[in-house]
Amino acid sequence: MLVFVMVVATTLRLCPLARAQPLCRMQTVRTGKIFHDGQKIQGDLLYFSSATTRLIKHPCKKNIALYLGRQAFLTRDNFESSLLPLSIPEALQVSTPEVTSAHFAGSVLLLVVNQEVYIYDYEANSWNASKGIEHPVSHISGDNCCYSGNSFCADVSNSVFAYLRGDQISQTNIYFSNTQGYVFQKYAHERQAELVGSLGGIFYFHSLSQVGLLLVNQQKAMFSYSDYPLNLNFGLPFDYNGSLDILIAPGQKGILIFWCEKSLLVSQNAGQLVNPVQVREGQHVLYSSISEANISVHSVAANENELAVLTQESYLYYGSLGILPSSLIKFAGQNIRSEEAVLVFTDVGMLEILSPLPDPLFPAFDFQKCPVNIQATLMDPQLQVDVCKMELLQGEFDNKMYTIDMNSKLELRALMIPRTGTSPVSLVMASNPHSLGLQALIYEDGYTLNGNTKHRLNISLRQQHHGGRADPNFTSSIKRPTMSTVTLDIANKEISCVDLKPLTALISVGCDLEKKIIIQNEISACYNGLLDLVTLQDNYSYVIEKDTYDPNFQGQKATEDLVVHYQYEKLGCPVLVFYDTPWKPVVELWREGKFQEVVETEYVLLEVNGLFTYTYSLTAAMALCSSQPQNWTTISKAAGGKGPFAWNRENYVSCHNPDNSTPLRWPQVPYQILGGPTENKVVFEKRNGIYTFFISIVDPYYSYCHLETIFSVYVSGAYPEQIIPEVLIFILIAANLMSVWLAYKIPKLLHTERGLKVKGFCINLCRRCRKPCECFRGRR
């Protein structure tokens with residue numbers, strides 16, 4: 001599956017010139033010698049295995065770079081001072097200090113020395129050997145994301161591969177690290193055992209959210225990708241002559257540069273299409289590749305938008321790495337190359353040819369620099385370069401990172417001002433169209449003071465799945481967070497537009513960390529006076545009876561009561577709930593402190609202390625499940641040692657999903673999922689008290705975030721069970737009422753005629769009984 005509809009070959013224009021002015025003027029950096037005077041080099045001096053030199057520049061920290069040649073040098077000031085050669089401590093016992101590969105992973109430098117990986121923390125000046133690699137490796141690969149403060153960006157910088165280039169793919173051992181190379185583990189690529197050929201490299205293409213494995217067989221190479229839909233096919237094959245070094249251009253655009261002495265190729269889409277660099281003169285193609293032109297590459301440098309090549313013939317080539325590379329130019333010849341020279345971009349349009357110079361009096365090396373101002377060079381009339389037809393290309397989104405969560409969208413805006421009489425062709429591209437869809441609208445919006453037309457461009461971004469324009473076989477899995485870059489460039493832009501670089505934004509199609517869920521608490525137990533707010537804040541604690549909770553969350557009674565300290569800072573005052581009313585919480589979604597919506601999708605609850613004195617109003621059958629629903633018990637067993645709160649969007653399977661093949665064997669079990677298509681609610685038993693619930697949104701299509709929180713409720717109105725039988729209670733009440741009635745009625749009856757007769761009768765009866773009673777007392 002190809003990302004681009006349009007195939008554009010990277011071109012190289014060759015212009016034989018004779019310049020009156022030199023291409024650059026040599027400068028020698030000789031500073032800081034006093035700081036290295038008397039210092040001795042500790043350990044074994046590192047050197048590069050290749051005959052040609054390399055310079056690896058940190059893509060985020062522009063002043064940090066590593067030079068690899070007969071010696072290795074690490075600079076933290078862009079080679080603005082003399083340096084001691086880099087050495088590895090003898091304590092690491094490296095028999096042969098030969099470097100075959102290096103990579104900056106965040107704040108550390110990784111080096112493959114003698115087929116093992118070592119980490120140099122240049123800030124702490126400490127060395128460590130990587131752990132987990134059990135077989136020889138020759139190369140490491142990785143990328144860097146320069147947007148600080150973003151966890152997804154940090155994951156990009158932490159991801160590193162280690163492998164043995166040239167080994168048979170079916171048998172080779174590949175290692176992956178997500179800890180900046182400190183600890184590796186074995187990595188198995190899909191269908192690796194079935195692939196035939198040797199390993200040319202393995203790379204994490206974050207701009208495509210794919211791992212790409214380069215397969216080399218019979219001087220042809222192609223990429224095999226890890227995830228749907230690109231894993232269904234290989235990338236297009238291309239010529240692979242020699243051992244090609246692969247340079248990943250910074251910026252996560254998916255630009256790859258393949259090169260060796262006799263070959264130079266460029267891919268704009270993470271290896272799906274790889275095209276040789278052509279040699280041009282004017283508008284005519286002289287050679288289809290540099291090998292046909294008999295050009296020998298000595299050094300290659302690239303930044304986000306530019307490419308430079310230094311040849312062994314001492315020629316310098318320059319070109320653009322935009323969306324559509326339209327032209328590459330050969331500058332005039334000058335004796336600027338040495339065996340130790342390398343190219344490096346110091347800024348946009350600023351190139352340096354760098355060479356180390358040994359000093360016979362000091363151990364520190366000096367550096368010879370030959371800076372080239374690309375913009376000034378292109379202004380030479382002999383180059384016959386057209387003037388840039390764009391006055392302005394501007395957008396606030398340039399060099400920024402955005403997040404698009406599920407069901408979200410993003411609007412970007414840009415301003416373009418072309419020169420009078422020109423017609424720019426704007427082109428917007430997503431590096432990962434399988435995940436990110438876009439629509440662009442351009443319109444005229446007035447004029448400048450010079451009479452140039454302003455063009456406004458609105459770019460609307462959303463997930464490709466929700467765009468409604470892509471075939472389902474084209475889109476990647478919606479459950480998997482992905483990443484893409486969006487680039488705005490001018491298709492017919494001249495090479496002289498050096499400062500008019502493309503506008504690029506990094507889009508994370510994944511979790512929006514600004515989102516959170518809050519439980520609505522309009523009627524709290526404190527508001528009704530059932531609980532005291534001051535008491536809750538004063539280290540309040542309560543007791544959970546042993547026959548109402550299970551610390552193992554299995555519904556079994558505990559052996560002793562549990563004292564719980566209430567966390568008011570996290571929970572606030574509990575939500576008031578009446579036990580005899582089925583209840584479910586009102587879940588609200590908030591973002592950046594603003595209410596978004598009430599969550600209606602599926603979520604689950606679990607009492608964090610193990611209380612099991614509640615159930616659910618629906619069973620699996622009543623919820624119309626077509627398969628056996630999940631519950632907390634099955635989730636805990638499947639999660640193993642991850643704890644009881646492991647139910648989330650990644651392991652949730654709906655019982656209403658027709659693809660769920662689990663048979664419905666126990667239809668009468670409680671249905672433990674709230675929200676979604678059912679009206680399920682929580683039903684409490686007759687127990688007053690505080691419940692602290694963990695809540696998790698489990699719908700995998702609602703958000704990429706693990707939306708979770710804890711909250712508390714206070715259950716009230718559960719009166720204790722009656723101990724005295726109802727009949728006895730009735731008799732006692734009747735007796736009390738009779739006593740009250742007699743106490744009221746008898747005094748009134750005594751004043752009537754009938755009452756006087758009764759009173760007289762009682763008096764006579766007492767008199768008659770008095771004598772027998774006295775006789776009875778006397779006998780005793």
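**Notebook: cores, sheets and rings**

I began with Trp583. Leaving aside neighbours within four places in sequence, I found Trp583 in contact with Val577, Leu605, Lys681, Val682, Phe684, Phe693, Phe711 and Val713. Contact here means heavy atoms within 4.5 Å.

I noted what I was looking at. This is a predicted model, where local features need pLDDT of at least 70, side-chain atom pairs count only at pLDDT 80 or more, and totals for chains, interfaces and linings use all residues. Residues are numbered from 1 along each chain as its sequence is written, and side-chain values use heavy atoms, with hydrogens and water left out.

**Entry: the cores**

Which residues touch the most other members of the largest nonpolar core? I looked them up: they are Trp583, Phe684, Phe693 and Val713, in a core of 60 residues. Strand β51 (residues 689-697) gives the largest share of this core, six residues. I also found a second, separate core of 30 residues, which includes Phe176, Leu199, Phe203 and Val216.

I wrote down the terms. A nonpolar core is a set of buried Ala, Val, Leu, Ile, Met, Phe, Trp, Tyr and Cys residues joined through side-chain atoms within 4.5 Å. Buried means under 20% relative accessible area, exposed means over 50%, and partly exposed lies in between (1.4 Å probe, protein chains only).

**Entry: the whole chain**

I counted nine helices and 52 strands in the protein chain. Both are DSSP runs numbered from the N terminus: helices are H or I with at least four residues, strands are E with at least two. The chain has 780 residues, and 49% of them are buried. I then took the contacts with a separation of 6 or more; residues 24 or more positions apart account for 64% of these.

**Entry: the sheet with β46**

I looked at an open sheet of three strands in the order β42-β46-β47, with antiparallel pairing. β42 (515-519) and β47 (594-598) stand at the edges with a single partner strand each, so one side of each has no neighbour in the sheet. Neighbouring strands are turned by 35° against each other on average, direction ignored. The axes are lines fitted to C-alpha atoms, for helices over the stretch in contact, and angles run from 0 to 180 degrees between N-to-C directions.

Two strands pair if DSSP finds at least two bridges between them. β42 and β46 (residues 587-591) pair over five bridges, in the antiparallel sense. Along this pairing, Lys516 stands opposite Trp590, and Ile518 stands opposite Glu588. β46 and β47 also run antiparallel, joined by four bridges. Here Arg591 stands opposite Lys594. These two strands form a hairpin with two residues between them, and Glu592 in the turn has a positive phi of about 50°.

**Entry: the sheet with β6**

I found another open sheet of three strands, in the order β5-β6-β7, again with antiparallel pairing. Its edge strands are β5 (54-57) and β7, each pairing on one side only. Neighbouring strands here are turned by 10° on average, direction ignored. β5 and β6 (residues 65-68) pair over four bridges, and Ile56 stands opposite Leu66.

I followed the chain on from β7. Leu83 is in the loop between β7 (72-75) and β8 (87-88). Is Leu83 buried or exposed? It counts as buried, because its relative accessibility is 11%.

**Entry: aromatic rings**

I counted 33 aromatic pairs. Rings of Phe, Tyr and Trp (its six-membered ring) pair if their centres lie within 6.5 Å; planes under 30 degrees apart are stacked, over 60 edge-to-face, and the rest tilted.

Phe205 and Tyr225 form a tilted pair, 6.5 Å centre to centre with 50° between the planes. Phe205 lies in β17 (residues 198-205) and Tyr225 in β19 (residues 220-225), so the pair ties together parts 20 residues apart in sequence. Phe205 is buried at 3% relative accessibility, and Tyr225 is buried at 2%.

Trp590 and Phe595 form an edge-to-face pair, 6.0 Å centre to centre with 75° between the planes. Trp590 is partly exposed at 24%, and Phe595 is partly exposed at 41%.

Trp583 came up again. Ring pairs link Trp583, Tyr614, Tyr616, Phe684, Tyr691, Phe693 and Phe711 into a cluster.
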